[in-house]
Amino acid sequence: MSPSTRPAHGEPEPVHESSHMSHPALQPAITDVPVTPGVHLSGHSAYTDPTNGQHDTNLPFDPDKTSPGPSWSANSYFSPKQEDRAASPTEAAAGAKSGEELLRRLSSVQDPSASYKQDLADVDPRAAHPELNLSGRVISATFTVPYNVAYAPGQDFDLNPRRGTSALFDSFSYLASSASPWNHTLVGWTGEIQRKTTDETADDPAVAPSGNKASAPVPVDGAPPPNPPQDQGLRIGRDDRARLELQLERDHGGKIVPVWLPDEWDEKKDEVILKDQGRWRTYAEHELYTMCHYKQNEPADGRAARKSWADYYRMNKLYADRILELYKPGDIIIVHDFYLFLLPSLLRQRLPSIYVGFFLHVPFPSSEFYRCLSRRKEILEGVLGANMIGFQSYSYSRHFSSCCTRILGFDSSSAGVDAYGAHVAVDVFPIGINAASTHKQAFGDPVIEEKIKAIKDMYPDKKIIIGRDRLDAARGVLQKLQAFEMFLEKYPEWREKVVLVQVTSPSNIQANKKADDDEKMINKLSELVARINGLYGSLSFTPVRHFPQYLEREEYFALLRLADVGLITSVRDGMNTTSLEYVICQKDNHGPLILSEFSGTAGSLSGAIHINPWDLNGVAEAINQALTMSSEQRKTDFEKLHKHVISNNVQAWSNNFLKRLMTNLSSFDQSFATPALDRAKLLQQYRNSKKRLFMFDYDGTLTPIVKDPGQAIPSDRVTRTLKSLAADPANSVWIISGRDQAFLDEWMGHIAELGLSAEHGSFMRHPRTENWENLTEKTDMNWRSEVIEVFQHYTDKTPGSFVETKKIALTWHYRLADPEWGAFQARECQKHLENTVGKKYDVEVMTGKANLEVRPRFVNKGEIAKRLVEGYGDEPLEFVLCLGDDFTDEDMFRSLRQSKLPEDHVFAVTVGASSKQTLASWHLLEPADVISCVSLLNGSADAGNVGAIAVVDGGPVPEARV
């Protein structure tokens with residue numbers, strides 16, 4: 001690979017973590033009521049991107065003078081043409097409905113005065129964005145390397161090109177070329193490694209299974225038949241693993257780093273043992289792929305799903321480990337597709353300031369369908385670890401934002417999602433193909449000309465409709481054939497004048513497929529083809545030619561060039577390359593393209609005839625419209641399609657994605673984003689420690705927030721979990737709450753091993769005692785009468801509000817009031833108190849969740865946390881877990897930051913879907929997750945914890961634990 005050229009820069013400086021004194025969570029402004037934009041308020045169509053077409057498609061290189069990238073697919077990169085764009089920021093900003101949309105438009109469209117910045121970002125991103133301290137390296141994480149791998153000990157691996165995802169591999173090829181300003185590394189699983197047949201293995205019965213299922217040996221002497229030899233799996237040693245890495249880089253160009261996913265690891269021999277290699281696909285392909293394509297699996301007891309989830313979590317964790325071995329400060333990580341949904345969050349857990357982009361190549365379903373997924377929260381939290389998330393279609397991005405709001409409770413808009421103190425940008429990047437390379441292949445081969453002539457001889461004077469799809473129900477092949485049958489029935493004048501050539505290649509989705517699934521699908525298609533040919537064919541003519549196979553490249557391009565109509569009827573599709581390749585191949589013929597509106601490319605190809613594949617009559621009419629279209633209209637539509645495909649190619653897509661990611665990184669400070677709690681790290685540290693301290697808030701942490709505070713009683717599971725945790729003599733468990741003594745005594749007092757602190761640290765009850773210690777006995781309490789008077793005034797003005805009188809603090813609740821009016825009155829009341837009582841006495845006015853509380857200034861949860869930590873003296877704690885959900889709990893987090901405990905021993909966790917910045921180091925979404933984590937430490941494995949157990953134990957989860 002030719003090295004990229006760029007101006008010399010010093011090594012990027014690592015971003016140092018700010019001290020607690022300068023942390024933005026300490027600023028009063030962050031406690032204000034957050035702005036909560038609705039999902040897609042701008043009023044545009046739900047299926048089209050309001051900024052579509054504004055991506056810059058200029059390329060910073062001359063394709064004829066640059067060396068190509070590695071040939072990971074049939075294509076390599078060449079140049080696109082330029083596309084018109086807005087002439088000025090004023091034009092670009094016209095019609096922007098919000099600040100986010102304005103930023104989005106200005107980041108993608110530059111005025112002439114900013115051309116240097118734009119060109120500099122293309123040629124040297126480090127100089128264009130010096131504030132990011134970029135290293136100039138991009139690490140792309142994808143599910144598999146671009147090759148099918150075969151192995152024999154001590155020999156070179158066989159590497160054969162992997163079919164499918166050619167556009168994605170073309171993007172990697174471009175980034176690895178001298179035309180790109182980036183140094184590129186591709187990280188991917190080896191895929192299922194096959195045994196390479198050699199002279200030694202040809203006669204091995206374990207390698208060469210019998211071809212006859214009925215030929216099992218039956219002894220004649222009545223003895224039991226011998227057991228067949230067990231497959232011991234592939235064992236690959238260190239030298240062979242290093243040989244594969246060298247081969248991938250030496251023979252094929254571009255740095256490719258394989259991820260090894262072993263069933264077992266022989267540490268003595270340093271060998272990976274590969275047995276059930278397909279297990280790593282199961283969850284992604286059986287659960288996620290079906291969900292993304294609006295399909296549901298048959299009901300089951302959930303054991304298989306929990307087991308495959310553990311493998312999915314462990315696979316993503318191994319990817320994170322591999323990437324962090326390669327990572328240098330300033331690297332950009334790009335994560336691709338649904339196999340790696342968890343990877344962004346796993347990376348951010350280890351490096352909070354890492355730069356991560358994520359792109360989903362398949363559809364994302366609506367919230368009504370997505371919520372059926374059992375691990376719906378974990379998937380969303382995993383991908384929200386990215387700085388920017390890209391989708392193929394605007395409707396997919398809208399669905400994602402809606403899911404984050406409806407399922408996680410995060411504030412979102414069409415521009416992104418606000419989660420835990422960070423803004424995660426959400427944008428649309430319709431991926432293209434390598435247009436120039438496709439053109440060269442389709443028109444530069446004399447063999448293709450011969451194939452065209454042969455096909456014309458086969459179908460003289462016939463109109464040819466071409467379809468190419470994978471053998472998958474989501475591709476709509478059945479609907480296509482049914483619509484073609486209706487077309488022949490409805491338009492008899494076209495009988496014996498039109499032929500449908502349908503090519504159906506095997507699906508690349510393999511997990512949990514029954515042996516005869518593909519065969520059943522082929523049989524259905526064959527029956528339908530036979531019926532159509534029987535009804536409308538003759539001895540001399542066959543209206544449907546179905547080829548359930550891969551075609552040779554020359555045959556495929558010959559069909560695309562010769563076709564009169566392209567027909568794509570996907571019922572759910574992300575990126576459809578056939579439609580784009582068809583456009584390239586039609587430069588002479590100008591054949592119309594009929595495209596399903598459910599395809600991810602439909603929103604980009606406005607020159608196509610859009611159809612609903614479920615409307616068979618409508619598809620039949622579209623076929624007739626395409627066949628009878630005037631040559632002028634065909635040319636007009638083709639020029640529109642061709643301009644888009646040429647301009648919005650895979651190289652422009654790669655550039656746009658990276659430039660938009662850098663713009664968002666520069667626009668939003670995400671260095672204080674709070675990652676999801678790393679349960680595997682939590683469990684590992686718990687097991688390694690002997691002195692442990694637990695501190696729990698009550699409302700919003702152990703129990704959900706309810707409108708009537710008196711109804712927030714702990715569930716049976718909460719009390720059992722806490723009792724089990726406190727029973728371990730190595731654990732000191734405390735509940736530090738704003739509740740009064742009577743409430744905590746009533747609901748938690750029966751657990752003798754628990755320590756209790758009431759009214760935000762005003763009172764303490766130590767474990768195995770019944771006496772409460774008053775920490776505020778000598779405090780002046782004359783302020784209470786004035787506060788009660790103020791609270792009563794606002795209670796009278798706010799229907800549904802009430803005052804709670806505690807022994808020390810006073811709290812005004814407005815949970816039952818109108819939300820907007822209650823929040824307004826709370827702000828007025830807070831100002832009133834701060835300007836009167838707050839200036840006369842040493843008290844503070846605290847805002848909580850739908851409440852205001854006044855208490856002595858020196859009384860807070862942080863003082864209790866400090867006292868508990870210091871109580872261990874010279875024998876420091878080895879494990880601290882502190883959880884809370886609101887502003888009052890920040891005192892505990894601050895106290896832990898100021899302690900001298902090792903950072904790896906402290907887990908400060910904020911609970912809830914708030915977008916506020918926090919002093920906590922981790923987050924959990926809701927009280928149920930808190931109990932799930934504590935159960936994990938108690939040794940109970942619920943469905944959400946099996947992944948963490950698999951990582952810590954270093955292997956598959958035993959059957960008994962799923």
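Predicted model: local features only at pLDDT ≥ 70, side-chain atom pairs only at ≥ 80, totals over all residues.
Biologist: In which sense, parallel or antiparallel, do β23 and β24 pair?

Modeller: Strand β23 covers residues 731-736, and W734 stands opposite G755 in β24. Together with helix α24 (residues 741-748), β23 and β24 make a right-handed β-α-β unit. Over 3 bridges, the sense of pairing between β23 and β24 is parallel.

Biologist: Which residue takes a positive phi in the hairpin of β24 and β25?

Modeller: Strands β24 and β25 (residues 763-765) pair in the antiparallel sense over 3 bridges, with A758 opposite F763. The hairpin has 4 residues between the strands. The residue with a positive phi, near 50 degrees, is E759.

Biologist: With which residue does R765 form a salt bridge?

Modeller: R765 lies in strand β25 and its partner in helix α24, 20 residues apart. The closest N and O atoms are 3.2 Å apart, and the partner is D745.

Biologist: Are D311 and R279, which meet in a salt bridge, buried or exposed?

Modeller: The N to O distance of this pair is 3.0 Å. Buried means under 20% relative accessible area. Because D311 has 6% and R279 has 9%, D311 and R279 are buried.

Biologist: How many salt bridges does the count come to?

Modeller: One of the pairs is E449 with R561, at 2.8 Å. A network of salt bridges links K377, R679, E926 and D929. The count of salt bridges comes to 46.

How values were computed
Residues numbered from 1 in each chain as written. Heavy atoms only, no water. Pairing = 2+ DSSP bridges. Helix = DSSP H or I, 4+ residues; strand = E, 2+ residues; numbered from the N terminus. Right-handed = clockwise from strand over helix to strand, strands pointing away. Salt bridge = Lys/Arg side-chain N within 4 Å of Asp/Glu carboxyl O. Buried < 20%, exposed > 50% of the residue type's maximum accessible area, 1.4 Å probe, protein only.
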